[in-house]
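Subject: Structure handover and notes

Dear colleague,

I am passing on the structure below, together with the notes I made while going through it. Please read the notes with the coordinates open beside them.

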Amino acid sequence: MTILTFTLILLAGAYLAGLVGSLTGLGGGVVVIPLLTLVFHVDIRYAIGAALLASIANSSGAASAYVKEGITNIRLGMFLEIATTAGAVAGAVIAVYTPTNTIAILFGAILLFSAAMTIRKKNQEALTTGSALSLKLKLDSSYPTKEGPVSYKLKNVGAGFSIMALAGIMSGLLGIGSGALKVLAMDSTMHIPFKVSTTTSNFMIGVTAAASAVVYLQRGYMDPGIAFPVVLGVLGGAFTGSKLLTRLDPKVLKYIFCLAISFVAVEMIYNGYNHQF
Amino acid sequence: MKKIISKHLFADRDMEQFIGLQLRYGVIISSLIVLTGGLIYLQQSGGLALPAYSQFIGTKAGFTSIGQIITGLGTLNARSIIQFGVVVLIATPILRIAFSLVGFVIEKDRLYILITLIVLSVMMISIFGGLKV
């Protein structure tokens with residue numbers, strides 16, 4: 001295969017990854033890793049480097065719109081980023097001592113969990129009484145809706161912070177945004193309304209991924225020949241996805257993609273178990 | 001009291017607008033650099049056989065420090081240009097933290113100045129902490 005063919009096929013694949021990632025809310029990174037390893041037989045370390053870049057591009061691109069609309073809770077994001085960035089750096093350090101096959105199995109497990117999280121029932125209710133810690137940290141806020149601003153309060157800040165640290169470790173270890181774990185911490189644990197938790201999670205993914213990306217860049221995980229089609233393809237796909245989302249209800253698509261992603265996850269676990277990485 | 005609250009919200013809105021723009025331009029600029037480098041790369045080496053990506057060679061490939069990347073930029077090396085775009089992309093969210101810090105300083109929000117400084121120090125450890133190995 002020539003470099004040109006590889007680039008064009010990967011560009012198309014990364015475009016689809018960005019599209020699927022944006023429609024399901026899983027992010028482009030989770031589709032990039034199986035695409036590179038299972039289809040192109042690229043070493044999983046290069047795949048992790050590329051996936052981190054895809055996560056940063058995806059997150060920063062989408063966050064720019066949400067932040068301007070005022071849905072994202074910037075203080076909450078900044079506070080929780082202490083946990084995710086510290087976790088991500090720890091994850092990048094642990095990665096050196098983790099066999100690539102173990103990483104592949106762990107990746108498959110997280111992928112299954114993410115697919116399940118995508119189709120679960122979402123928290124729409126805004127809490128009217130929050131915890132003292134949430135008040136002290138100024139995490140209670142409001143977000144705009146068609147019917148005017150809705151105020152919300154938070155609880156279980158400590159538990160949410162701990163899950164965020166775990167999300168950071170996974171992100172640093174596997175090169176993904178860990179969006180599903182972040183939403184679990186905010187949505188199910190801290191009881192933040194769905195719109196706020198997804199956009200704030202997205203906002204944090206860029207910083208979390210950057211924390212481990214600088215380590216991986218220095219380790220040589222980022223290859224320019226792979227980064228080029230992946231970054232541009234994922235960005236293009238995510239852009240198309242965000243345009244499509246406003247015009248169609250992706251509910252059916254979501255189920256199809258989640259099923260497809262589950263098969264990919266099983267394949268990753270199977271190959272990891274058989275030492276194929 | 002009411003006045004203080006509305007002033008506080010106004011500053012928050014300002015920061016949101018600014019961060020939104022900064023993230024957008026960061027992504028646009030980095031993807032343009034990657035595209036430029038990528039087109040040169042394809043033009044120069046598009047017909048060559050694919051490197052063996054199934055073998056991980058790590059740092060031996062170069063482009064793993066700012067110094068190496070800048071040196072490569074001087075000679076208009078296509079892969080260095082792409083990698084420079086990658087660095088701009090990674091720097092985008094890190095810059096966002098720095099700009100948030102400025103925002104919280106303007107708002108005189110001591111608690112969040114401290115929180116932002118902690119996040120920024122974690123980033124600095126990651127960049128300069130020699131965690132390579």
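Chain A is as compact as a globular protein of its length, because its radius of gyration of 18 Å is close to the 19 Å that the globule rule gives for 277 residues; the radius is taken over C-alpha atoms, and the rule is 2.2 Å times the number of residues to the power 0.38.

Before going further, please note that this is a predicted model, in which local features need pLDDT of at least 70 and side-chain atom pairs count only at pLDDT 80 or more, while totals for chains, interfaces and linings use all residues. Residues are numbered from 1 along each chain as its sequence is written, chains are lettered from A and ligands numbered from 1 in the order in which they are written, and side-chain values use heavy atoms, with hydrogens and water left out.

**Chain A as a whole**

The C-alpha trace of chain A spans about 60 × 40 × 30 Å along its principal axes, and 60% of its 277 residues count as buried (under 20% relative accessible area, with exposed meaning over 50% and partly exposed in between, for a 1.4 Å probe and protein chains only). Of the contacts in chain A between residues at least 6 apart in sequence, 80% join residues at least 24 apart, a contact being heavy atoms within 4.5 Å.

**Helix α2 of chain A**

Helix α2 of chain A, residues 29-39, is mostly covered, with eight of its eleven residues buried. These are A:G29, A:V30, A:V32, A:I33, A:P34, A:L35, A:L36 and A:T37, and the buried residues of α2(A) pack against α1 (3-24), α3 (44-69), α5 (100-118), α7 (157-174), α10 (224-245) and α11 (251-273) of chain A. Just after α2(A), A:H41 takes a positive phi of about 55°.

**Chain B**

Chain B has four helices and zero strands. Its radius of gyration is 20 Å, whereas a compact globule of 133 residues would have one near 14 Å, and its C-alpha atoms fill a box of roughly 70 × 30 × 30 Å along the principal axes. Buried residues make up 44% of the 133 residues in chain B, and residues 24 or more positions apart account for 61% of its contacts with a separation of 6 or more.

**The surroundings of B:Q22**

In chain B, B:Q22 sits in helix α1, which covers residues 2-45, and B:Q22 is buried, with a relative accessible area of 11%. Leaving aside neighbours within four places in sequence, B:Q22 is in contact with B:T92, B:L95, B:R96 and B:F99. A polar atom of the B:Q22 side chain lies 3.0 Å from the backbone oxygen of B:T92. Although B:Q22 and B:P93 are 71 residues apart in sequence, their C-alpha atoms are 9.1 Å apart in space.

With best regards

Definitions and conventions. Helix = DSSP H or I, 4+ residues; strand = E, 2+ residues; numbered from the N terminus. Polar contact = N/O pair within 3.5 Å; in protein donor to acceptor, adjacent residues only side chain to side chain.
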